Amino acid sequence: FGDLGSAIGRLLQQSKKEIRLVTCAAGRSSKTSERAAGLSVEDLGSLDKVLEVADIVLSVVVPDAALSVAKECAERVCLAKTECLFVDMNSTGISDIQQIQHAVESAGLRFANATVHGGTKHLEEMGVVYASGTFRAEVVRLYAGLLRVEDLGDDVLLASQMKLLMGAQSKCLNVLFLEVALLASRLGLLDDFLAEQEAFYPAMYNAIERMLPTYPDHASRRVSELNGVVDLAQLAGNGGEVFQVMRDRLLNAADRWTADGDLTGTLKSTIKRIADSDRLSNEKE
């Protein structure tokens, strides 16, 4: 029950569907337990007990943990219900989702891929679930009426591919905006630039204003997602050079944000932290 898990849990709890929500917070932070308790989700204390009662297992974890969680469930398949469905809902790359599918299906569990696009704070209004795989219909039914759900077909990789495409668009847009804003800052025109962007491109500006200030909190995760985009481009026969440049620039910004301490702020302050860091670096040189 991190940011996304809590947002999904809240939607499911508030729905009129007869759903019993359970989790296992063992080994997680106290905040995880507090979030689950705040949503009246039952913490069963162990993954074993979760698998014993669950009809559907939703894996909503940080991308780096997705494969290990899938393997842990696969190792406990003897405890699971006969028709238990394992649904990976993480921002994983194509190679990872293939390994997750193999681990889950080899153990005898059913598998579906379902990725989520949209900020957790605006999930109900703007979020979408992309579902793919042979057993995706159960995912579609689960979220129907709660979120927009796009059924992408039998190919289990399609949900991950769509998530990566949407992520590439949003992240590259934010990185490009950051680069132009930093140039404006160096020229002493940041305030005027932001005002002109808002006047000429209001829809884009509103989206950037909503997204970019959230980047410092999870910058390393977004770098990881752009790594997945680079891999996808290369698999598709595109060298992915543009995405590599965007990833490297975001990685550079992520390092500056991480060293900065206080990560919260407005669009302007988010830009200025990088601009000030660049200025100090140039002065030292």
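A salt bridge is taken here as a side-chain nitrogen of Lys or Arg lying within 4 Å of a carboxyl oxygen of Asp or Glu, and the structure holds 13 of them. This is a predicted model, in which local features need pLDDT of at least 70 and side-chain atom pairs count only at pLDDT 80 or more, while totals for chains, interfaces and linings use all residues. Residues are numbered from 1 along each chain as its sequence is written, and side-chain values use heavy atoms, with hydrogens and water left out.

- Glu179 and Arg249 form a salt bridge whose closest N and O atoms are 2.2 Å apart; the pair links helix α8 (residues 158-186) to helix α12 (residues 241-260) across 70 residues.
- Asp3 forms a salt bridge with Arg35, with 3.8 Å between the closest N and O atoms, and this pair links helix α1 (residues 3-14) to helix α2 (residues 30-38), 32 residues apart.

**Helix-to-loop pair**

- Asp48 and Arg76 form a salt bridge with their closest N and O atoms 2.5 Å apart; Asp48 lies in helix α3 (residues 47-53) and Arg76 in the loop between α4 (66-75) and β4 (85-88), so the pair ties together parts that are 28 residues apart in sequence.

**Accessibility of the partners** (buried means under 20% relative accessible area, exposed over 50%, partly exposed in between, with a 1.4 Å probe and protein chains only)

- Arg249 is buried at 17%, whereas Glu179 is partly exposed at 29%.
- Asp3 is partly exposed at 40%, as is Arg35 at 30%.

**Shared partners**

Terms used. Helix = DSSP H or I, 4+ residues; strand = E, 2+ residues; numbered from the N terminus.
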